[in-house]
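Welcome, and please open the model in your viewer. We will go from stop to stop, with something to select at each one.

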Amino acid sequence: MTEEIEKTRVQEIAERTNGSPPKCFIQRESNRPVLDASLAAIPIIDLSYEESKDLEQREIEDSKLRSASSSGELFYVLGHGIPTSLIDEVRNITRSFFNQPKQPLKEKLSYTSDMPNPYFSEGYETDVVVSNEQILDWNDKLLLNVYPEEERNMDLWPQKPESFREVVNEFNEKILILVDVIFKALARSLGLDEVYFINNGSKGRIPWRFNYYPPCSKPDLVLGMKPHSDGSSFTIILQDDQVSGLQVFNNQLGWLNVPVLPYALLVVLGDEIEIKTNGQYKSVMHKVVTNSEKERISLSMFILSELKNEIGPIDELIEDGKPKLYKSTTAKDYGADFFVKFSQGIRPLDSMRI
Ligand SMILES: O=C(O)CCC(=O)C(=O)O
Ligand SMILES: [Fe+2]
């Protein structure tokens, strides 16, 4: 089955088996999800103050950001200036690519790359199988390098729905602005020059991952996505507007369900920011659970450094005799390491600690 999965997709298996997961998807007992976990209290940061002259309110929002980031919480952002109609369109093209109206598997498989990219796989994919012991995630994804434009591989961009490319371009323009706003707020909240991250290549690449989780008849035994933290500085996630599934790990309370907030965007800090801030800000552990009733979609946009850049603790943040807690590496080497470890459920960040 693990070999077969490379030629088919979870959606097809789910349809063939009526949502009943084959053995390679069944989690070991210790990793099985708690589906009725409590709801996480997610901070909501209003970005509309970021570019305004109301510095007092901006400081309030920055301190919420500082508090969430240093305690390993994810947060929602509102006041992001992206029209709700565009957000709806992004969800529509995502559903439409995977499922509505039903797209033949063969057509979708034509967007699978035959040249694997060691830093970030591209195209219509499911879990990369690196070992026979591996337990697979119950999801399919479409990965596209959206930014910078020179790195786009247009052969892998769906022709259907017809509006796909236009909607991605329009959303990308808004996301690029939002990324700057978030980077500035992060830098300010750390006491760094506002443009620190923007000017040193932290906004180097932004691959997008459209995720599709089919209904699963055994949600208590299977995971939509295994526990992980992202390799990015941060990831912006557009969640399904109706179906929840994302869970976040809280040190005191364990795994918690992330509530749906339809027109807010979720920000999840990743490994790059934890390394750069020498652990002051935390990369967030999260996973996805499935359900037996409804399919679920999401879109993750990973904000990653330029490949040639060094990722290591920032000098200004290790002054005052603070010890360096993380090694330095290049974004290229970290990406390659991440790619191999992610599929095996190993956290690459652990080998960066000194
Ligand atoms: O589906 C989600 O809500 C989260 C997906 C995720 O964690 C990822 O793409 O890295
Ligand atoms: Fe993630």
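Start with the iron ion (ligand 2): its protein donors are His228 (NE2), Asp230 (OD) and His286 (NE2), at 2.1 to 2.3 Å from it. Donors here are N, O and S atoms within 2.8 Å of the metal (3.2 Å for Na, K and Ca), and water is not among the atoms, so sites may look incomplete. Along the chain, the donors of the iron ion follow the spacing H-x1-D-x55-H. Colour by strand and you will see that the pair His228, in strand β6, and His286, in strand β11, links distant parts of the chain, 58 residues apart. Helices (H or I, at least four residues) and strands (E, at least two) are DSSP runs, numbered from the N terminus.

A word on what is on screen: this is a predicted model, in which local features need pLDDT of at least 70 and side-chain atom pairs count only at pLDDT 80 or more, while totals for chains, interfaces and linings use all residues. Residues are numbered from 1 along each chain as its sequence is written, chains are lettered from A and ligands numbered from 1 in the order in which they are written, and side-chain values use heavy atoms, with hydrogens and water left out.

Next, select ligand 1 and the 15 residues that surround it, the closest being Arg209, Tyr213, Arg296, Ser298 and Ser300; a residue counts as near if one of its heavy atoms lies within 4 Å. Which strand gives the most to this shell? Strand β12 does, with 4 residues. β5 (206-213), β6 (223-228), β7 (234-239), β11 (286-289) and β12 (296-303) each supply at least two residues.

Now show polar contacts, pairs of N or O atoms within 3.5 Å. An oxygen atom of ligand 1 is 2.7 Å from a polar side-chain atom of Ser300. For the side chain of Arg296, the distance from an N or O atom to an oxygen atom of ligand 1 is 2.8 Å, and for that of Asn211 it is 3.3 Å. Taken alone, ligand 1 exposes 290 Å², and the protein buries 100% of that (Shrake-Rupley method, 1.4 Å probe).

Last, visit the backbone. Most peptide bonds are trans. Zoom in on Tyr147 to Pro148, where the bond is cis with omega near 0°; Pro148 is in the loop between β4 (140-147) and α5 (164-189). Another cis bond joins Lys160 and Pro161, and Pro161 also lies in the loop between β4 and α5.

Note on methods: A polar contact is a pair of N or O atoms within 3.5 Å; within protein, one must be able to donate a hydrogen and the other to accept it, and residues adjacent in sequence count only if both atoms are side-chain atoms.
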